[in-house]
Amino acid sequence: MSEPLFLFDLLLALAVVAIAAAALLVRDAFAMIVLFVVFGLLSALAWVRLAAPDVALAEAAIGTGLTGALLLKTLHHLRARGMAGWEPGAAAPRPVPRAVASLNAGLTLAVVAGLGVAILGSPLRVTGLEIAVAEAMPLSGVDNPVTAVLLNFRAYDTLMEVVVLLAAIIVVWQVERGADAAPAPSLGPIWQGFARLTLPAAAIVGVYLLWAGAEAPGGAFQGGAMLAAIGLMLLLTGLYRPHPDHRATARLLFVLGTVAFAAVALLVAGAGRASFEYPQGHAKTLILLIEGLVTISIAVTLTALFHGREPAALKGELRHDP
Amino acid sequence: MTPDLIYGAAGLAVFGIGLWGAIALQDRMRRLLGLKLCSVGAGFVLIVGAWREPPAAPDPVPHALVITGIVVMLSATAAALALIRRLHDLEAADDRA
């Protein structure tokens, strides 16, 4: 390992750990979220160094970008409702008894030490499943091994992942059902021009990420997250306002990916094939079909998760749109 | 010192910081952030496990697992944030009453 890269790795690893600690310890909640976003982007950079560009893209777009947006939206909600403890420079939290604090620290240290022993005791750099994956790649219909694992070899996992996303939006709509209309964050009119300029480019990047996922880093989740960023921009600039009448369409788009995914799994079964055993020569078409529809569902679901409360006409907030 | 050792140690440290935050801090959003740090730390360890000395290609199966984990963690975060918002609203209503 050449010297400059070794130094880079060391500094990056130290920065990741230091910023993770700083994000939890900083007093101001807004600074916490900003530090978390920096932490996520540096983690993604570290994962590029570890030859995992697909994971780095997913972490940057979903784990950092959209998670950061969700955190900021919640902070806006909490601060708009006004409560001591959420303002910067609020009173310190209740003091914790010394015994409890040391118990917490001791427990954490014990778990970390146990994990460290387990990791150091496990054989490093042994051959895992990469040879089995490499042998099966010609049959997978795609050239990117990660996409092949996600949508062909381990497609059940990915189907369940899409179901989890569907469950999340159901939970969010149920939890906030009946809650008062939250003050929606808004960026103001100048941003509408910015949105009109940048959204077409974002759409192209999102679809490109989906398409490139077949042979290069990218895929349905990274592309869907990019398209969800468009949804967030539309919501924040007020170019799109959720309306109760749009709920049926939204629900349809939430389940579209899951239904298409499950339907393909069931339809290819039979004639001696198991579910997800794509017929020879049709794997690429089926994978692209699933990925395309799942990307739409992911984008709409992530946008709805950001918006939060179901757009419902509840008593006291009937809309009178012109 | 190779990248896998450096980032493996960093991932373990991030996991530990997150675990401590999730059990020791009082603020709900910081606890949630602690859990998120745990998930990133676990992602570090999995990706380090998949790493091979170049020019050998890494194992793609853990990579797919971590991508799945990132999406599941986002779903859990969104659900937890909805609960936090609702709890906050209910407490604010109690304070007014």
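**Labels and their cut-offs**

Analyst: Gladly! Just after helix 11 of chain A, A:Gly308 has a positive phi of about 85 degrees. Before going on, some ground rules: this is a predicted model, local features need pLDDT of at least 70, side-chain atom pairs count only at pLDDT 80 or more, and totals for chains, interfaces and linings use all residues. Residues are numbered from 1 along each chain as its sequence is written, chains are lettered from A and ligands numbered from 1 in the order in which they are written, and side-chain values use heavy atoms, with hydrogens and water left out.

User: How do you know how many helices and strands chain A has?

Analyst: Helices (H or I, at least four residues) and strands (E, at least two) are DSSP runs, numbered from the N terminus. By that rule chain A has eleven helices and zero strands, and along the sequence its pattern reads α-α-α-α-α-α-α-α-α-α-α. Its C-alpha atoms fill a box of roughly 60 × 60 × 40 Å along the principal axes.

User: Are A:Ala51 and A:Leu50 buried or exposed?

Analyst: A:Ala51 is at 31%, so it counts as partly exposed. A:Leu50, with a relative accessible area of 0%, is therefore buried. Across chain A, 43% of the 322 residues count as buried.

User: Why is the pair of A:Trp47 and B:Phe44 called edge-to-face?

Analyst: Rings of Phe, Tyr and Trp (its six-membered ring) pair if their centres lie within 6.5 Å; planes under 30 degrees apart count as stacked, over 60 as edge-to-face and the rest as tilted. The structure holds five aromatic pairs over all chains. For A:Trp47 and B:Phe44, the ring centres are 5.4 Å apart and the planes stand at 70 degrees, so the pair is edge-to-face. A:Trp47 lies in helix 2 (residues 29-49) of chain A and B:Phe44 in helix 2 (residues 28-50) of chain B, so this pair joins two chains. A:Trp47 is buried at 1% relative accessibility, and B:Phe44 is buried at 0%. Ring pairs also bring in B:Tyr7, linking A:Trp47, B:Tyr7 and B:Phe44 into a cluster.

User: How do you know that the charged end of A:Lys73 sits over the ring of A:Phe306?

Analyst: A charge sits over a ring if NZ of Lys or CZ of Arg is within 6 Å of the ring centre and within 35 degrees of the ring normal. The charged end of A:Lys73 sits over the ring of A:Phe306, 5.4 Å from its centre. Likewise, the charged end of A:Lys284 sits over the ring of A:Trp211, at 5.5 Å from the centre.

User: And what makes A:Leu78 and B:His88 a contact?

Analyst: A polar contact is a pair of N or O atoms within 3.5 Å; within protein, one must be able to donate a hydrogen and the other to accept it, and residues adjacent in sequence count only if both atoms are side-chain atoms. The backbone oxygen of A:Leu78 lies 3.3 Å from a polar atom of the B:His88 side chain. B:His88 belongs to helix 3 (residues 60-96) of chain B and, at a relative accessible area of 2%, is buried.

Definitions and conventions: Buried < 20%, exposed > 50% of the residue type's maximum accessible area, 1.4 Å probe, protein only.
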